[in-house]
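Biologist: I am new to this structure. Please show me how to read a few of its features.

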Amino acid sequence: MGLIVSPSAGGSVLFGAKEIHPLPSYLWKVPPGKPSHSLCELPSRLQEAVSRRVVTGVLRQIKERFPDDFARLKDRVVMIRALSRDEFDSGTRGWWHGRKVWALYRDVDPFTLSEEIRLNWDETACGIVELPECSWVTEDGLAANAAHEFGHACTLNEDVEKRQAPLEEWGREAAADWYAYRWGFGRLIGKTRRTRELGHHGAGPGQTVELEFDGRRIAYRLGRDFVYRGVE
Ligand SMILES: [Zn+2]
């Protein structure tokens, strides 16, 4: 079952969470900070003009092709900002710091919460997208990473379940890619595939990966439909 309230309805933030934004700073490792501008209506603190242009292009394409997905991004993404340089130097190319609905309401008397909130307790409420600045990566690399991180931001729990991944992490990664591919960024992501870490990302579409359970190796293939299946 999906969300009870369509995030696109009236453009309002899910569950009235807008009243709570910005979240109490203790809920973030590094709080979102103040936006310096917006990119296609999403708050941002990216420094470089080229980064802003590339990310705006990604968001515009999502908005044109899948307005409902874009509406969910608008509801969920409270900040787009640069990765820390340390994260980048250790190999990270993007990050989605999502916060679940339960994290927003954990201090609230549960008997005062609406049914919508309780039914969506484990869904994502909001989060921060972190991306490399354009002088650190190529424009195509930034666009691919941005599309993938926005894919994480857009993911519902049911999207992860549909991937039937042997590891939950791989399910989340495949769900993010499923969105990025549907928005038209498959070719760009394909180009970054060889630099991705298999253990974290799992397979790309059409690839086979092996896992070892109790000394037995089991192969899984990620189909073009982004569903994992065991290989005989
Ligand atoms: Zn990812």
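Predicted model: local features only at pLDDT ≥ 70, side-chain atom pairs only at ≥ 80, totals over all residues.

Biologist: Which residues of helix 2 are buried?

Modeller: Helix 2 covers residues 67-76, and its buried residues are Asp69, Phe70, Arg72, Leu73, Asp75 and Arg76. These buried residues pack against several elements, including strand 3 (77-82), strand 5 (124-131), helix 6 (139-154) and helix 8 (168-182).

Biologist: How do I describe two packed helices?

Modeller: Two packed helices are described by the angle between their axes and by the distance between those axes. Here, the axes of helix 2 and helix 6 come within 9 Å and cross at roughly 80°. Angles of 65 to 115 degrees count as roughly perpendicular, so helix 2 and helix 6 are roughly perpendicular to each other.

Biologist: Which residues meet in the contact of helix 2 with helix 6?

Modeller: From helix 2 there are Asp69, Arg72, Leu73 and Arg76, and they meet Phe150, Ala153 and Cys154 in helix 6. The residues of this contact divide into four nonpolar, no polar and three charged.

Biologist: How many bridges join strand 6 and strand 7?

Modeller: Strand 6 pairs with strand 7 (residues 216-222) over six bridges, in the antiparallel sense. Opposite glutamate 212 stands arginine 217 in strand 7.

Notes. Residues numbered from 1 in each chain as written. Buried ≥ 20, exposed ≤ 12 C-beta atoms within 10 Å, placed from the backbone. Helix = DSSP H or I, 4+ residues; strand = E, 2+ residues; numbered from the N terminus. Contact = placed C-beta atoms within 7 Å. Pairing = 2+ DSSP bridges. Axes fitted to C-alpha atoms, helices over the stretch in contact; angles between N-to-C directions. Parallel < 35°, antiparallel > 145°, perpendicular 65-115°, else oblique. Nonpolar A, V, L, I, M, F, W, Y, C, P; charged D, E, K, R; others polar.
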